[in-house]
Amino acid sequence: MQQVQYGPGPPIRTLIGRNLAQLFSVGDPFPLFNVINRCNDTLKGKDDVAKLATVVVIGALYERLGRLVGRSYEETVSLLLKTLKNADASMRFEIMFTFEHIINGLGSAAGNVHQQIY
């Protein structure tokens with residue numbers, strides 16, 4: 001997670017997200033909630049470089065782990081929607097892909113966030 005704070009480039013962001021998702025799917029999923037909370041805290045902050053990496057990591061986690069993440073997706077979606085309003089083009093692009101990953105990962109459980117995203 002420290003690598004996310006440094007604002008890596010696009011391939012590294014994707015690699016970090018996929019590796020974290022694989023780690024939590026094979027290993028102990030308990031620290032996953034701490035990672036999600038840390039990502040949500042980063043989305044609340046001012047650092048745009050770290051936000052971009054965090055958005056990609058969140059998308060990979062939700063897509064791979066889906067319902068294992070629990071009900072934390074509601075807070076994440078609301079933070080992403082707030083970030084979307086004031087974001088630049090690359091951030092909007094990544095947020096839209098993250099919404100796609102969240103919906104694909106959660107399946108029918110994401111029904112209540114469809115309206116918010118729409």
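Predicted model: local features only at pLDDT ≥ 70, side-chain atom pairs only at ≥ 80, totals over all residues.
Local features need pLDDT of at least 70 and side-chain atom pairs count only at pLDDT 80 or more, while totals for chains, interfaces and linings use all residues. Residues are numbered from 1 along each chain as its sequence is written, and side-chain values use heavy atoms, leaving out hydrogens and water.

**View A. Leu-61 in helix α4.** Helices here are DSSP runs of H or I with at least four residues, numbered from the N terminus. Leu-61 is buried, with a relative accessible area of 0% (buried means under 20%, with a 1.4 Å probe and protein chains only). Leaving aside neighbours within four places in sequence, Leu-61 is in contact (heavy atoms within 4.5 Å) with Leu-20, Ala-21, Phe-24, Leu-32, Val-35, Ile-36, Gly-66 and Val-69. Ser-25 sits 36 residues away from Leu-61 along the chain, yet their C-alpha atoms are separated by 9.4 Å.

**View B. Helix α4 (residues 48-65) packing with α5.** Their axes lie 12 Å apart, at an angle of about 145°; axes are lines fitted to C-alpha atoms over the stretch in contact, and angles run from 0 to 180 degrees between N-to-C directions. On the α4 side, Lys-51, Val-55, Ile-58 and Tyr-62 make the contact, meeting Tyr-73, Thr-76, Leu-80 and Thr-83 of α5.

**View C. Leu-84 in helix α5 (residues 73-85).** Not counting residues up to four places away in sequence, Leu-84 touches Arg-92, Ile-95, Met-96 and Phe-99. For Leu-84 and Leu-15, 69 residues apart along the chain, the C-alpha separation is 23 Å.

Technical notes: Helix = DSSP H or I, 4+ residues; strand = E, 2+ residues; numbered from the N terminus. Buried < 20%, exposed > 50% of the residue type's maximum accessible area, 1.4 Å probe, protein only.
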